[in-house]
Amino acid sequence: MPVEPLGPTARRRRGPRLVLLALALVLLAGLVLPEQALVPVQGASARDWNPRSFWFEPWGASGVHKGIDIFAAEGRPVLAAVPGLVLYRGELGRGGQVVAVLGPKWRVHYYAHLQQVHAGLPRWVARGQALGSVGRSGNAADKPPHLHYAVVSLVPLPWRAASGNQGWKRMFFIDPGELLGPASRAEGLAPSPRLAALSM
Ligand SMILES: [Zn+2]
């Protein structure tokens with residue numbers, strides 16, 4: 001029996017399917033990339049932030065604190081916690097000098113209140129690469145110098161949604177302390193009372 005050649009209709013149908021398949025593969029690749037984060041301030045450890053400050057409220061104009069504040073001397077290098085693509089760098093309202101990096105698992109890592117962003121910051125940064133320096137820019141002028149570090153999932157995680165003020169946003173905001181690994185997590189490392197007072 002003669003085989004009918006593929007008509008233009010069949011070819012047209014295959015196009016979108018291939019595009020969808022390619023998109024699915026890209027999405028999947030992003031999700032399975034390893035995400036081993038490092039503490040994004042040089043020389044800092046779990047002692048330098050208060051783990052309870054994530055999702056603490058009331059918190060100024062933001063209402064709820066959607067990241068952690070890693071306290072360090074002004075000018076200390078801020079490092080990329082994970083590798084990724086620099087989406088934004090520059091001045092951004094309350095954040096001051098900020099860098100936003102799209103990393104593994106479709107998560108945006110947000111570094112704020114920098115003293116300055118590195119002038120020659122490339123589009124693609126490696127894990128541990130210097131992004132800038134710790135400062136007090138934006139609305140941190142009346143606080144000791146610290147890095148505000150937040151991690152936002154572009155893929156909603158509905159099981160994380162909570163009740164309460166802005167609880168639905170928990171679908172998107174990851175507790176950065178969760179990512180920084182058991183080594184840096186406060187295992188018996190209670191933050192000093194001074195830090196607890198500062199960051200709460
Ligand atoms: Zn903060």
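Start by selecting Arg107 and Ser153: Ser153 is the bridge partner of Arg107 in β8. Strands here are DSSP runs of E with at least two residues, numbered from the N terminus. Before moving on, note that this is a predicted model, where local features need pLDDT of at least 70 and side-chain atom pairs count only at pLDDT 80 or more, while totals for chains, interfaces and linings use all residues. Residues are numbered from 1 along each chain as its sequence is written.

**Stop 1**

Two strands count as paired if DSSP finds at least two bridges between them.

Look for Asp69, whose bridge partner in β8 is His148.

Next comes strand β9, residues 173–174, which runs antiparallel to β8 with 2 bridges. Here Ile174 of β9 stands opposite Val151.

Is β8 mostly covered or mostly open? Colour residues 146–153 by burial and you will find 6 of the 8 residues of β8 buried. Buried means that 20 or more other C-beta atoms, placed from the backbone, lie within 10 Å of the residue's own.

**Stop 2: β7**

Move to residues 130–134. Strand β7 is largely enclosed by the rest of the structure because 4 of its 5 residues are buried. Strand β2 (residues 77–79) runs antiparallel to β7, with 3 bridges between them; select Leu79 to find its bridge partner in β7, Ala130. Leu114 has Val134 as its bridge partner in β7.

**Stop 3: the nonpolar core**

Which residues have the most contacts inside the largest nonpolar core? Select Val41, Ile70, Val78, Val99, Tyr111, Leu131 and Leu147, within a core of 36 residues. Such a core is a set of buried Ala, Val, Leu, Ile, Met, Phe, Trp, Tyr and Cys residues joined through C-beta atoms within 7 Å. At least two residues of this core come from each of β1, β2, β4 (96–103), β5, β7, β8 and β9. The largest share, 5 residues, is supplied by β5.

Leaving aside neighbours within four places in sequence, Leu147 is in contact (C-beta atoms, placed from the backbone, within 7 Å) with Pro40, Val41, Ile70, Ala72, Val78, Tyr111, His113 and Val134.

Notes:
A residue is buried if 20 or more other C-beta atoms lie within 10 Å of its own, exposed if 12 or fewer, and partly exposed in between; C-beta atoms are placed from the backbone. Two residues are in contact if their C-beta atoms, placed from the backbone, lie within 7 Å.
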